[in-house]
Amino acid sequence: MTESEFNDRVDETLITLEDLLEDVDSDLDVESHGGMLTIVCENGSQVIFTRQPPVKQLWVAARNGGYHFDFDESLERWIRDTDKAPLAEVLNEIFRLQADEDLRFPF
């Protein structure tokens, strides 16, 4: 995957995530700037998404840890580098534990 393709995939993912979170009835605030997406939970905690072009990964920082995702082109989705868990599954768990929100992600 080229750097341009990587950036396009991250942009697409972050836009989808931002749109989804703005459309649900929740107490989550979405802030986007400089290619970084920050979700602020009602309790003040944050979930932060950043791109890492040198390693072509999407990083997610949450209260319960930091996670690194590679884009699997054959599956057409982001998967965690440690155990191949899909991004959607990890995000479901993060938001359930950190924000007490039951969300379902389309990726």
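This is a predicted model: local features need pLDDT of at least 70, side-chain atom pairs count only at pLDDT 80 or more; totals for chains, interfaces and linings use all residues.
How many strands form the open sheet, and in what order do they stand? Six is the count to look for: 6 strands form an open sheet in the order β1-β2-β3-β4-β5-β6, and the pairing is antiparallel.

Residues are numbered from 1 along each chain as its sequence is written, and side-chain values use heavy atoms, with hydrogens and water left out.

## The chain as a whole

The protein chain has 2 helices and 6 strands. Here helices (H or I, at least four residues) and strands (E, at least two) are DSSP runs, numbered from the N terminus. Follow the sequence and you get the pattern α-β-β-β-β-β-β-α.

As for dimensions, the C-alpha atoms fill a box of roughly 40 × 30 × 20 Å along the principal axes. A compact globule of 107 residues would have a radius of gyration near 13 Å, and the protein chain agrees with its 13 Å. That radius is taken over C-alpha atoms, and the globule rule is 2.2 Å times the number of residues to the power 0.38. Of the 107 residues, 42% are buried; buried means under 20% relative accessible area, exposed means over 50%, and partly exposed is in between (1.4 Å probe, protein chains only). Among contacts with a separation of 6 or more, 38% join residues 24 or more positions apart, contact meaning heavy atoms within 4.5 Å.

Two strands count as paired if DSSP finds at least two bridges between them. Strands of a sheet pair through backbone hydrogen bonds, either parallel or antiparallel.

For a closer look, take β3 (residues 46-52) and β4 (residues 57-62), which pair in the antiparallel sense over 5 bridges. Arg51 stands opposite Leu58 in β4. Thr38 has its place in strand β2 and is buried, with a relative accessible area of 4%. Leaving out residues up to four places away in sequence, Thr38 touches Asp29, Val30, Glu31, Gln46, Val47 and Ile48.

Helix α1 (residues 3-23) lies across β1, β2 (36-40), β3, β4, β5 (65-72) and β6, and runs at about 160 degrees to β3. Helix α2 (residues 87-99) lies across β2, β3, β4, β5 and β6, at about 15 degrees to β4. For these angles, axes are lines fitted to C-alpha atoms (for helices over the stretch in contact), and the values run from 0 to 180 degrees between N-to-C directions.

## The nonpolar core

In soluble globular proteins, nonpolar side chains tend to be buried together. A nonpolar core is a set of buried Ala, Val, Leu, Ile, Met, Phe, Trp, Tyr and Cys residues joined through side-chain atoms within 4.5 Å. The largest one here has 28 residues, and Phe49, Leu91 and Phe95 touch the most other members. Two or more residues come from each of α1, β2, β3, β4, β5 and α2, with the largest share, 7 residues, from α2.

Which residues does Phe49 touch, not counting those up to four places away in sequence? They are Leu14, Leu17, Gly35, Met36, Leu37, Ile39, Trp59, Val60 and Leu91.

## Salt bridges

The structure holds 5 salt bridges, each a side-chain nitrogen of Lys or Arg within 4 Å of a carboxyl oxygen of Asp or Glu. One of them joins Arg51 and Asp11 (2.5 Å, N to O). This pair links distant parts of the chain: Arg51 is in strand β3 and Asp11 in helix α1, 40 residues apart. Arg51 counts as buried at 19% relative accessibility, whereas Asp11 is partly exposed at 31%.

Arg80 and Asp83 also meet in a salt bridge (2.7 Å, N to O). Arg80 is buried, with a relative accessible area of 15%, and Asp83 is partly exposed at 43%. Glu93 and Arg96 form another (2.8 Å, N to O). Being 3 residues apart in helix α2, Glu93 and Arg96 are separated by about one helical turn. Glu93 is partly exposed at 34%, and Arg96 is partly exposed at 43%.
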